[in-house]
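Got your viewer open and a hand on the selection tool? Let's take a walk through this one, stop by stop.

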Amino acid sequence: MDRGLVIFVGALLTFSSSWLGLVLFPFWQLNDEQPVAAASAADEPYPRPLGGQALAGVRVYEQNGCMYCHSQQVRSEKFGNWWEGGVMRTGADIRRGWGTRRTVSRDYLFDRPTMLGTMRTGPDLANVGTRYSETWQHAHTFNPRALNGWSIMPSFAFLYGREKVLGGQKSDRALKLGREWTVDPGYRWRPSAAAWAAIVAGRGPAIAEAFAAQHGPVDVDSPEGRERLLAFWLTTEEDEYQIVPSAEADALVAYLMQLRKAETPLPEGKE
Ligand code: HEC
């Protein structure tokens, strides 16, 4: 071990240089970063810490592993290639509408932890709050296939309750989805042939009437007519049951609605 000192100094240099480069210098550079002041009295400073339900929603996002499939970082116009008419263009993220500029460190000032993500099995969510309504988010979280038939995102139906409607009055928070999605939460439901025959025997005329009001008359006695009636009936809402968001689902959606990074202009985030 006559090279002990060399090895020691070499190891020290290796580790200290990476510590300097990856920890100390970034710390100096970013430590006193502040939100940008509001441009006018009507504006809020940006970014602002999350509060209330949205803050609780961060935990739900973490617990359910959304980060394994979704990033929260919009790439600069210099990255993200696609081909158009034989020419390679860049800036795919901004073109897809995932933000109006790239995200910068200031966007994450209050995020604990930052959930940048590494995988993009699904779209980037950095500014998803600007893209959809709360109603859309609930229906999509409950079962993504109810909105995008081709979606491979898992259903988070366990964040919702299937409850009996009491007093004939549905909650105004109940999801507005056809029974094909609500009878067996998390799956697309279809009655067996025997069950459908029984339903037609009992409630056929009422269903046919509702169908006729929208699509014209239907022949309940023909197999083709029954098939059309079934397709229609599956898209209508259940009367006796409703799907209601749990506190966790509400928190998660409140968080998603607050995800509005890459929107407010920042001096350092030009592209
Ligand atoms: C297995 C991967 C996977 C997981 C886990 C996952 N997603 Fe997704 N997500 C996707 C895919 C794929 C899409 C695109 C298809 C679609 O819209 O359903 C998507 C789409 C979305 C969208 C619509 C984005 C847009 O711009 O259209 C939102 C919002 C979303 N997911 C939220 C979540 C949340 C919240 C969680 C955690 C509770 C989650 N996802 C977990 C794969 C996933």
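This is a predicted model: local features need pLDDT of at least 70, side-chain atom pairs count only at pLDDT 80 or more; totals for chains, interfaces and linings use all residues.

Residues are numbered from 1 along each chain as its sequence is written, and side-chain values use heavy atoms, with hydrogens and water left out.

**Stop one: Glu33**

Select Glu33, in the loop between helix H1 (4–30) and helix H2 (52–63). Helices here are DSSP runs of H or I with at least four residues, strands are E runs of at least two, and both are numbered from the N terminus. Glu33 is buried but has no salt bridge, and Arg106, the nearest side chain of opposite charge, is 4.5 Å away. Buried means under 20% relative accessible area, exposed means over 50%, and partly exposed is in between (1.4 Å probe, protein chains only). A salt bridge needs a side-chain nitrogen of Lys or Arg within 4 Å of a carboxyl oxygen of Asp or Glu. For charge, Lys and Arg count as positive and Asp and Glu as negative, with His and the chain ends not counted. Leaving out residues up to four places away in sequence, Glu33 touches Ser105, Arg106, Leu109 and Glu268 (contact is heavy atoms within 4.5 Å).

**Stop two: helix H2**

Now colour H2. Its buried residues are Ala54, Gly57, Val58, Val60 and Tyr61, and they pack against helix H8 (247–258). Just past the end of H2, click Gly65 to find a positive phi of about 70°.

**Stop three: aromatic rings**

How many aromatic pairs does a search of the whole structure find? There are eight. Rings of Phe, Tyr and Trp (its six-membered ring) pair if their centres lie within 6.5 Å; planes under 30 degrees apart are stacked, over 60 edge-to-face, and the rest tilted. Start with Phe25 and Trp28, a tilted pair at 5.7 Å centre to centre with 45° between the planes. These two sit three residues apart in helix H1, about one helical turn. Phe25 is partly exposed at 44%, and Trp28 is exposed at 55%.

Next, show Tyr61 and Tyr255: the centres are 5.3 Å apart and the planes at 80°, so this pair is edge-to-face. It links distant parts of the chain, with Tyr61 in helix H2 and Tyr255 in helix H8, 194 residues apart. Tyr61 is buried at 1% relative accessible area, and Tyr255 is buried at 4%. Then pick out Trp189, Trp196 and Trp233, which ring pairs link into a cluster.

**Stop four: salt bridges**

The structure holds 17 salt bridges. Select Arg120 and Asp93, whose side chains meet at 2.9 Å, N to O. Arg120 is in the loop between helix H3 (92–95) and helix H4 (134–142) and Asp93 is in helix H3, so the pair ties together parts 27 residues apart in sequence. Asp93 is buried at 0%, whereas Arg120 is partly exposed at 28%.

**Stop five: Arg173**

Finish with Arg173 and Asp250, in a salt bridge at 2.8 Å, N to O. Arg173 is partly exposed at 37%, and Asp250 is buried at 16%.
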